[in-house]
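Subject: Structure handover, salt bridges

Hello,

Please find the structure below. My notes on its salt bridges follow.

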Amino acid sequence: MNMVTHDFIVSFSKMNDLEGVSTHIHDKISSLQHLLDLSDLPQNKLKKLGQEVCALGRLLEELETCVGQQKEQLHQLKDLEATFQKYLEDLQHMNDHIPAHMPGSQPPASDGEPTAHRNDARELQPSEVDQGKKPDRSFVREMEFVTVPEFESIPQYMKGRVTYDQLNAAVQHMNTAVKAKYRILHQPLKGLNNHSRKLHARFKEQETKATKGQYFVVEDDVRELAQVKVDKRFQGILNMLRHCQRLRELRGGGLTRYVLL
């Protein structure tokens with residue numbers, strides 16, 4: 001490799017951007033133009049001119065390669081920008097549609113005890129609980145909120161115009177009625193006022209052998225304790241909750257009891 005070519009390569013390697021390459025090529029072209037303007041070039045000048053032309057050709061090839069690489073990088077950056085924009089839109093959509101009610105998770109089984117057995121034990125009457133432990137009379141069973149996949153599994157004819165949030169609002173109303181009812185039942189009679197005593201007596205009258213160990217409410221409980229209008233629309237929502245296995249109906253004595261599952 002001759003000295004001139006080496007100088008061009010070293011000069012090119014020191015350039016950090018296309019603007020520097022462009023300036024360098026412009027200087028070389030100016031140098032060639034100056035040599036061409038000279039009349040009666042001596043042999044050494046012609047040789048130098050040839051070397052300058054060859055070096056300039058190599059620089060142009062390098063510049064073309066560099067421009068191609070920059071175009072490829074620009075294309076990749078645009079693809080990356082589009083991907084990030086899609087992620088940003090997805091995150092914004094998730095942020096704008098966070099459910100008002102998030103379903104809870106059941107605690108893991110201890111000592112290999114199956115979940116089903118834990119649920120059964122949770123429904124036992126105090127007399128059936130281990131005699132070595134006192135039952136927690138403050139505990140009240142609650143209905144779990146409906147998940148999005150469960151809501152989407154409900155047939156459209158049953159769902160109608162009811163939204164996901166409206167369905168879980170009904171779950172909250174049912175839980176309000178259940179907790180209010182069993183708070184009264186768990187209190188000693190002497191600590192209740194006249195109205196609560198009448199409710200206590202009514203709750204006891206509605207119990208049957210089939211409801212032993214179960215948590216249930218009737219329509220009057222939902223109306224009075226949750227302050228909710230129980231109409232055809234609410235009845236349809238109860239059917240949806242039954243479809244999602246949140247409750248079951250137990251009829252008898254002219255009453256429909258909604259038992260939590």
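Arg251 is exposed, with a relative accessibility of 61% (exposed means over 50% relative accessible area, buried under 20%, partly exposed in between, using a 1.4 Å probe and protein chains only). Arg251 forms a salt bridge with Glu249, with 2.8 Å between the closest N and O atoms. A salt bridge here is a side-chain nitrogen of Lys or Arg within 4 Å of a carboxyl oxygen of Asp or Glu.

This is a predicted model, in which local features need pLDDT of at least 70 and side-chain atom pairs count only at pLDDT 80 or more, while totals for chains, interfaces and linings use all residues. Residues are numbered from 1 along each chain as its sequence is written, and side-chain values use heavy atoms, with hydrogens and water left out.

The search of the whole structure gave 10 salt bridges. One of them joins Arg202 to Asp221, the closest N and O atoms being 2.8 Å apart. Arg202 is in helix H8 (residues 194–206) and Asp221 in helix H9 (residues 219–226), so this pair ties together parts 19 residues apart in sequence. Helices are DSSP runs of H or I with at least four residues, numbered from the N terminus. Asp221 is buried, at 0% relative accessibility. A network of salt bridges links Arg202, Asp221 and Glu224.

Lys86 pairs with Asp90 in a salt bridge, with the closest N and O atoms 3.0 Å apart. Both residues lie in helix H3 (residues 43–96), 4 residues apart, or about one turn of the helix. Lys86 is partly exposed at 44% relative accessible area, and Asp90 is partly exposed at 32%.

Regards

Conventions:
Helix = DSSP H or I, 4+ residues; strand = E, 2+ residues; numbered from the N terminus.
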